[in-house]
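Welcome! Here is a friendly first tour of a protein chain. Take a moment with the sequence and the model before reading on.

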Amino acid sequence: MHRPPRAEDFGQGVAFPSYQFRCPQGDYFNSNLMNHLFVIADMSRNDNRVLVYDERCMGKDCDALCSLRLKFHMESMEQRYLNNLHLPEVFISVRDNCVGQNKSNATIQFDCFLSMSFYKRVLILYLIPGHSHMITDRVVAWEKGGLKHKDIFVPEEMINAMDKVSGRSTSITKVGGES
């Protein structure tokens with residue numbers, strides 16, 4: 001038994017405050033807080049997860065990536081255990097060809113950790129270099145569609161607006177940091 005293939009990638013970040021309709025005065029200065037989106041997309045069941053965190057929590061390097069992946073695997077294993085479901089033996093992940101995030105020593109070691117801790121086998125598929133149109137990019141586009149024409153000042157407003165996007169099976173979770 002294997003887990004359906006998952007695509008994992010960082011989405012385009014969202015800067016706060018986000019002024020959609022009105023612009024502040026020309027002499028107004030504000031340091032924008034960047035919110036990062038990490039997407040895990042189940043390609044066979046249309047079950048997507050978006051993890052939202054701000055730059056004060058962590059960056060977009062391979063250490064942050066491994067932390068977010070570990071959080072996902074721990075939560076999904078716990079959910080399967082509580083529902084008396086069989087734990088999968090094989091994990092398949094589809095990733096883009098980003099050298100800094102997906103092909104670093106830390107992420108390869110993390111994948112080895114997954115094969116020793118959670119799964120019997122871990123299969124990583126790297127897409128060819130270039131513009132890949134991954135499913136994760138589409139999930140971010142769907143969710144960011146909920147932000148159009150809205151002035152948003154705090155992450156909770158962004159998460160609520162993204163949650164209201166209809167027709168998509170996506171759960172959005174805020175990870176760490178302050179509100």
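Of the contacts in the chain with a separation of 6 or more, what percentage comes from residues 24 or more positions apart? Such residues account for 69% of those contacts. Please keep in mind that the model is predicted. The chain has 179 residues, and 43% of them are buried.

**The overall layout**

- The chain contains 4 helices and 6 strands.

**How α1 meets α2**

- Helix α1 covers residues 62-82 and helix α2 covers residues 105-117; the two pack at an angle of about 20°, and their axes are 9 Å apart.
- Because of that angle, α1 counts as roughly parallel to α2; the cut-off for this label is an angle under 35 degrees.
- The crossing of α1 past α2 is right-handed.
- On the α1 side, the contact is formed by Cys62, Asp63, Leu65, Cys66, Arg69, Leu70 and His73.
- On the α2 side, the partners are Ala106, Thr107, Phe110, Phe113 and Leu114.
- Sorted by type, the residues of this contact comprise 8 nonpolar, 2 polar and 2 charged.

- Phenylalanine 110 sits in helix α2.
- Is phenylalanine 110 buried or exposed? Its relative accessible area is 9%, so phenylalanine 110 is buried, the limit for that label being under 20%.
- Leaving out residues up to four places away in sequence, phenylalanine 110 touches Cys66, Arg69 and Leu70.
- Phenylalanine 110 and cysteine 66 are 44 residues apart along the chain, yet their C-alpha atoms are separated by 6.6 Å.
- Phenylalanine 113 also belongs to helix α2, and with a relative accessible area of 32% phenylalanine 113 is partly exposed.
- Beyond residues up to four places away in sequence, phenylalanine 113 touches Leu70 and Phe118.
- From phenylalanine 113 to leucine 70 there are 43 residues along the chain, and the C-alpha atoms of this pair are separated by 9.9 Å.

**The cysteines**

- How many disulfides does the structure hold? The count is 0.
- Cysteine 66 has a relative accessible area of 11% and is therefore buried.
- Cysteine 112, at 41% relative accessibility, is partly exposed.

**Methionine 43, in a loop between strands**

- Look for methionine 43 in the loop that runs between β2 (33-42) and β3 (47-54).
- Methionine 43 counts as partly exposed because its relative accessibility is 41%, a value that falls between the limits of 20% and 50%.
- Which residues does methionine 43 contact, once its neighbours within four places in sequence are set aside? They are Pro5, Arg6, Ala7, Val94 and Ile135.

- Where is asparagine 84 found? This residue lies in the loop between α1 and β4 (90-95).
- Its backbone has a positive phi of about 55°, although asparagine 84 is not a glycine.
- Asparagine 84 has a relative accessible area of 72%, so this residue is exposed; the label applies over 50%.

**Glycine 146, in a loop between helices**

- Glycine 146 is placed in the loop between α3 (135-145) and α4 (155-163).
- With a relative accessible area of 8%, glycine 146 is buried.
- Not counting residues up to four places away in sequence, glycine 146 touches Ala161 and Val165.
- Between glycine 146 and methionine 158, the C-alpha to C-alpha distance is 8.4 Å, and the two are 12 residues apart in sequence.

Note on methods: Residues numbered from 1 in each chain as written. Predicted model: local features only at pLDDT ≥ 70, side-chain atom pairs only at ≥ 80, totals over all residues. Heavy atoms only, no water. Axes fitted to C-alpha atoms, helices over the stretch in contact; angles between N-to-C directions. Parallel < 35°, antiparallel > 145°, perpendicular 65-115°, else oblique. Left-handed = near helix turned anticlockwise from the far one by under 90°. Contact = heavy atoms within 4.5 Å. Nonpolar A, V, L, I, M, F, W, Y, C, P; charged D, E, K, R; others polar. Disulfide = S-S within 2.5 Å. Buried < 20%, exposed > 50% of the residue type's maximum accessible area, 1.4 Å probe, protein only.
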